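Hi everyone, thanks for coming. I have one structure to walk through today, so let me put it up on the screen.

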Amino acid sequence: MTSTRPLAHPASSPIVAIDVDGVLNPANPAHAETLGYRPHRYDGPGPDGRHVTGTVWLNPDHGPWLRELAEHAQPVWCTSWNHLAAAWIAPRLGLPTTWPHVPVHAGGVRFGHQNKLSPLYAWAVRRPLAVLDDEFGGKDLTTADHRTADGAPTLLHSVDPYDGLRRADVDTVLTWLGQL
């Protein structure tokens, strides 16, 4: 199954932003395999447009978990994979290729802020937003708290890049969504 139930109010529904590397593709391949991740050979453009090849480790459990989140919020890719997350990652997890992406440059933290969050906040406008990422800067929680205080509830949920996305991470976001 590759579709999700439409949300009743998509223009005002919460958003769940999903990173790929460190979240769906963990940092340690040997450990990833013990957690049920499977290797997928990638051969195509990298974030900078140059050709790259490599192995991407994906866990088949993540597809159903992300579809479950999609029943409560609009999923959006927020990753340097950009449109390739929908085109290449999604089919390998049994996800729709229609989930949007927020155009971002390579991630990373500069001056205490994760580079992807500014374009994500602009894209989300004032909608509630949960972010699943493995890297946040020291100032990001303060910015998220200000966004929440201004009426746009924001959850920055850090995923351990060693393990990648775990069921407990999904449950944390589902609990937060249930409290909106």
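Let's start with aspartate 133, which is buried, at a relative accessible area of 3%. Buried here means under 20% relative accessible area, exposed means over 50%, and partly exposed is in between, with a 1.4 Å probe and protein chains only. The side chain of aspartate 133 meets that of lysine 116 in a salt bridge, 2.8 Å from N to O. By salt bridge I mean a side-chain nitrogen of Lys or Arg within 4 Å of a carboxyl oxygen of Asp or Glu.

A quick word on the source: this is a predicted model, where local features need pLDDT of at least 70 and side-chain atom pairs count only at pLDDT 80 or more, while totals for chains, interfaces and linings use all residues. Residues are numbered from 1 along each chain as its sequence is written, and side-chain values use heavy atoms, leaving out hydrogens and water.

Back to our pair. Is lysine 116 buried or exposed? Lysine 116 is buried as well, at 5% relative accessibility. Lysine 116 sits in the loop between β6 (113-114) and α4 (117-124). Helices (H or I, at least four residues) and strands (E, at least two) are DSSP runs, numbered from the N terminus. Lysine 116 has another partner: its side chain makes a polar contact with the side chain of aspartate 19, at 2.9 Å. A polar contact is a pair of N or O atoms within 3.5 Å; within protein, one must be able to donate a hydrogen and the other to accept it, and residues adjacent in sequence count only if both atoms are side-chain atoms.

How many salt bridges are there in the whole structure? The search finds four. One of them joins arginine 167 and glutamate 68, at 2.8 Å from N to O. Arginine 167 lies in helix α6 and glutamate 68 in helix α2, so this pair ties together parts 99 residues apart in sequence. Arginine 167 also forms a salt bridge with aspartate 171, with the closest N and O atoms 2.8 Å apart. Those two both lie in helix α6, four residues apart, about one turn of the helix. And aspartate 171 is partly exposed, at 33% relative accessible area. Salt bridges with shared partners also join Asp19, Lys116 and Asp133 into one network.

To finish, the whole chain: six helices and eight strands, with 48% of its 180 residues counting as buried. Thanks, everyone!
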